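Visitor: I have a model open and would like to learn how to read it. Could you walk me through a few features?

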Amino acid sequence: MQKDFKKGFSDGIPIGLGYFSVSFGFGILAMSSKISAFFAWLISATNLTSAGQVAGAEIIAASGTLAEMILTQLVINLRYSLMGFSLTQKLDSSFTTPKRLLLAFGITDEIYAVAISQKGKITASYMAGLIVIPFIGWTSGTVAGALANQLLPEIIANNMGILLYGMFIAIFIPAAKKSKAVLVAVIISAAVSVVLKYFFPFISSGFSVIISAVIAAVICAALFPVKEEEEEL
Amino acid sequence: MSIIIYIAVMAGVTYLIRMIPFAAFRKQIKSRFIKSILYYLPYAVLAAMTVPAIFYSTGNLKSAVVGTVVAVVVAFFEKPLLIVALAAAASGLITDLII
């Protein structure tokens with residue numbers, strides 16, 4: 001059991017290092033959205049997700065509605081439901097219900113990717129170990145970014161704002177390169193997002209993401225239904 | 001509205017999304033159409049979040065455009081997330097320093 005925890009712990013180190021620098025970007029973004037370092041930390045410690053937090057911070061900054069917040073988080077983070085479902089096929093008997101309730105919190109794109117790529121079943125100790133360093137990296141990076149926003153020269157702080165978007169690009173570009181259907185989804189979604197931003201400025205950024213993504217996903221699901229081997233995200 | 005309420009709602013929704021299938025789901029989704037939507041959704045979400053917001057992310061259109069182009073090129077060669085993100089920020093910074 002302790003061995004599994006250690007293995008997970010060390011597998012989580014590279015994820016944690018990556019998270020530190022990316023959440024640094026979130027800390028900066030939060031401060032420029034007038035969210036204090038403490039609340040930026042609280043958001044990171046209770047959400048542990050990049051895209052959802054960026055969208056959430058934008059809604060908070062714009063004093064959006066709670067309905068908008070719920071819908072936005074639902075759409076942006078829905079992939080975690082799929083990942084969680086996919087992971088259930090991989091869990092050994094050490095995953096009791098209380099442990100599932102606790103460890104579900106740690107399902108992120110990268111933690112999922114590492115956990116699902118293990119040989120055979122995984123234990124609850126392994127998954128617990130895997131979550132530790134990414135959680136520390138994500139929360140401490142957020143605070144460092146929020147504080148650095150006040151200390152760094154403006155030109156550097158400004159350019160850190162692109163970090164999270166760079167990470168998003170790093171996820172969807174390789175996928176679009178491999179699959180024409182994903183490329184079409186990305187292009188439709190980006191195009192609708194641009195149209196909404198410039199021609200329907202009264203639609204908030206949160207709803208704009210939902211509308212753009214759902215239109216693109218429904219069109220692509222109709223045009224290019226996935227084959228069995230493509231299902232796993 | 002208090003920021004605590006926003007954060008509580010945000011965290012609660014995100015946790016439930018993760019927890020419900022992980023703790024309870026036993027069967028596979030059968031509808032191919034729904035499965036297809038769920039397959040494309042994450043990429044579509046990321047694209048909509050990135051465009052056009054990325055062009056406003058550095059406070060300066062020139063550095064944002066350079067950073068975006070560099071990120072797309074580096075991502076195309078399938079470099080790790082961290083490398084893509086840092087390349088975008090570094091190239092934007094260099095642009096701002098030169099121009």
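Guide: Let's start with contact, which means heavy atoms within 4.5 Å. Not counting residues up to four places away in sequence, Ala176(A) touches Val182(A) and Leu183(A). This is a predicted model, where local features need pLDDT of at least 70, side-chain atom pairs count only at pLDDT 80 or more, and totals for chains, interfaces and linings use all residues. Residues are numbered from 1 along each chain as its sequence is written, chains are lettered from A and ligands numbered from 1 in the order in which they are written, and side-chain values use heavy atoms, with hydrogens and water left out.

Visitor: Why does Ala176(A) count as buried?

Guide: Buried means under 20% relative accessible area, exposed over 50%, and partly exposed in between (1.4 Å probe, protein chains only). Ala176(A) counts as buried because its relative accessibility is 8%. Ala176(A) is found in helix H9 of chain A; helices (H or I, at least four residues) and strands (E, at least two) are DSSP runs, numbered from the N terminus.

Visitor: How many helices and strands does chain B have?

Guide: Chain B has 4 helices and 0 strands, in the order α-α-α-α from the N terminus on. Of its 99 residues, 53% count as buried.

Visitor: What radius of gyration does chain B have?

Guide: The radius is taken over C-alpha atoms, and the globule rule is 2.2 Å times the number of residues to the power 0.38. For a compact globule of 99 residues that would be near 13 Å, but chain B has 19 Å. The C-alpha trace of chain B spans about 55 × 40 × 20 Å along its principal axes.

Visitor: And what covers the buried residues of H4(B)?

Guide: The cover includes helices H8 (154-160) and H9 (163-178) of chain A, together with helix H3 (61-76) of chain B. Among the buried residues of H4(B) are Val84(B), Ala88(B), Leu93(B) and Asp96(B).

Visitor: Which residues touch the most other members of the largest nonpolar core?

Guide: A nonpolar core is a set of buried Ala, Val, Leu, Ile, Met, Phe, Trp, Tyr and Cys residues joined through side-chain atoms within 4.5 Å. Here, of 100 residues in the largest core, those touching the most other members are Met127(A), Phe168(A), Phe172(A), Phe22(B), Tyr40(B) and Met49(B). Domain 1 (2-161) and domain 2 (179-233) of chain A both give residues to this core, so it lies between them; the domain bounds come from an automatic or database domain assignment. Phe22(B) has contacts including Leu87(A), Phe95(A), Ile107(A) and Met127(A).
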